[in-house]
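Open your viewer and get ready to click around with me. We'll go stop by stop, selecting a few residues at a time.

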Amino acid sequence: AKLGTDGQVFTSTGAGLSQGFEAVAAGGAWTFLQEVTASDDATILVGNSTLFSTTYEVYKIFYNRLVPITDSVDGNIRLSVGGSVQTGSYKYAYKRMYGGGGSPTNVVSTSATQLDQFLGNSMSGDADHGSWGEVTLIDPASTAFHKQILSQAVAFDASANAFWSYGSGLYLSTSIIDGVQFFFDSGNVDTGTFRLYGLATS
């Protein structure tokens with residue numbers, strides 16, 4: 001039997017025809033765009049005006065081993081427009097839960113200066129703890145819609161309890177986004193790796 005070549009799959013070649021080896025059909029796929037590594041930085045900025053484009057409608061930022069210099073701090077997000085980090089016009093809602101006990105907590109703000117605690121609440125500064133999570137940014141290069149963000153985080157709090165949160169946020173502007181800023185409400189970002197991916201539209 002004839003074998004296919006590298007990258008082909010065994011599939012139907014059409015109605016009423018025998019199977020054969022063909023190239024994989026085109027479709028949306030995640031493309032790696034950028035990696036940023038923290039090392040005792042006041043803030044971390046992921047993305048730029050070139051990376052956030054109409055080539056991709058959905059972007060994801062995966063981060064891991066995110067540790068603050070200072071113990072018991074909150075991890076937050078802001079967006080950049082025209083090279084300037086925005087400090088207003090945010091709305092958000094998220095749910096958080098602690099492994100130390102207690103009921104899940106719903107947190108809502110209709111007028112905020114940042115996406116508060118989207119990376120974690122009262123986070124541990126221990127080097128062997130850290131936070132892992134992902135941030136989804138919808139259509140940042142569009143000028144037709146207000147910007148939408150989803151986040152999910154798993155972390156240690158300062159008492160070494162597990163912390164989990166899932167949130168959604170809005171930036172009330174149709175301006176093009178050219179960066180996502182990560183920071184703590186006190187102290188620097190000790191360590192952390194951030195990787196940016198874009199989802200192709202076709």
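Before we start: strands, labelled E, are DSSP runs of at least two residues, numbered from the N terminus. With that in hand, select Ala160, which sits in the loop between E12 and E13. One more thing to keep in mind is that this is a predicted model.

**Stop 1**

Is Ala160 buried, exposed or partly exposed? Its relative accessible area is 44%, so it counts as partly exposed.

Now jump to Ser122, in strand E10, which covers residues 115–123. Ser122 isn't a glycine either, yet it has a positive phi of about 50 degrees. Ser122 is partly exposed, with 25% relative accessibility.

**Stop 1**

At 34% relative accessibility, Leu150 is partly exposed.

**Stop 1: the salt bridges**

How many salt bridges does the structure hold? There are 2. For one of them, show the side chains of Arg195 and Glu35, which meet with N and O 2.9 Å apart. Arg195 is in strand E15 (residues 189–200) and Glu35 is in strand E3 (residues 30–41), so this pair ties together parts that are 160 residues apart in sequence. Both ends are partly exposed: Arg195 has a relative accessible area of 27%, and Glu35 comes in at 43%.

Next, pick Lys60 and Glu134. They form a salt bridge too, and their closest N and O atoms are 2.6 Å apart. This pair links distant parts of the chain, with Lys60 in strand E5 (residues 56–68) and Glu134 in strand E11 (residues 131–138), 74 residues apart. Lys60 has a relative accessible area of 16%, so it is buried, whereas Glu134, at 25%, is partly exposed.

**Stop 2: aromatic rings**

A quick tip first: a pair of aromatic rings is described by the distance of the centres and the angle of the planes. The count here is 12 aromatic pairs. To see one of them, select Phe52 and Tyr59: their ring centres are 4.8 Å apart and their planes are at 85 degrees, so this pair is edge-to-face. Phe52 and Tyr59 are both buried.

**Stop 3: around Ser175**

Last, go to Ser175, in the loop between E13 and strand E14 (179–184). Ser175 is partly exposed, with a relative accessible area of 29%. Show the side chain of Ser173 as well: a polar contact of 2.9 Å joins it to the side chain of Ser175.

Which residues does Ser175 touch, leaving aside its neighbours within four places in sequence? Val81, Pro140, Ser142 and Lys147 are in contact with Ser175. Finish by drawing a line between the C-alpha atoms of Ser175 and Thr143. They are 5.7 Å apart in space, while the two residues are 32 residues apart in sequence.

Definitions and conventions: Residues numbered from 1 in each chain as written. Predicted model: local features only at pLDDT ≥ 70, side-chain atom pairs only at ≥ 80, totals over all residues. Heavy atoms only, no water. Buried < 20%, exposed > 50% of the residue type's maximum accessible area, 1.4 Å probe, protein only. Helix = DSSP H or I, 4+ residues; strand = E, 2+ residues; numbered from the N terminus. Phe/Tyr/Trp six-rings, centres within 6.5 Å; stacked < 30°, edge-to-face > 60°. Salt bridge = Lys/Arg side-chain N within 4 Å of Asp/Glu carboxyl O. Contact = heavy atoms within 4.5 Å. Polar contact = N/O pair within 3.5 Å; in protein donor to acceptor, adjacent residues only side chain to side chain.
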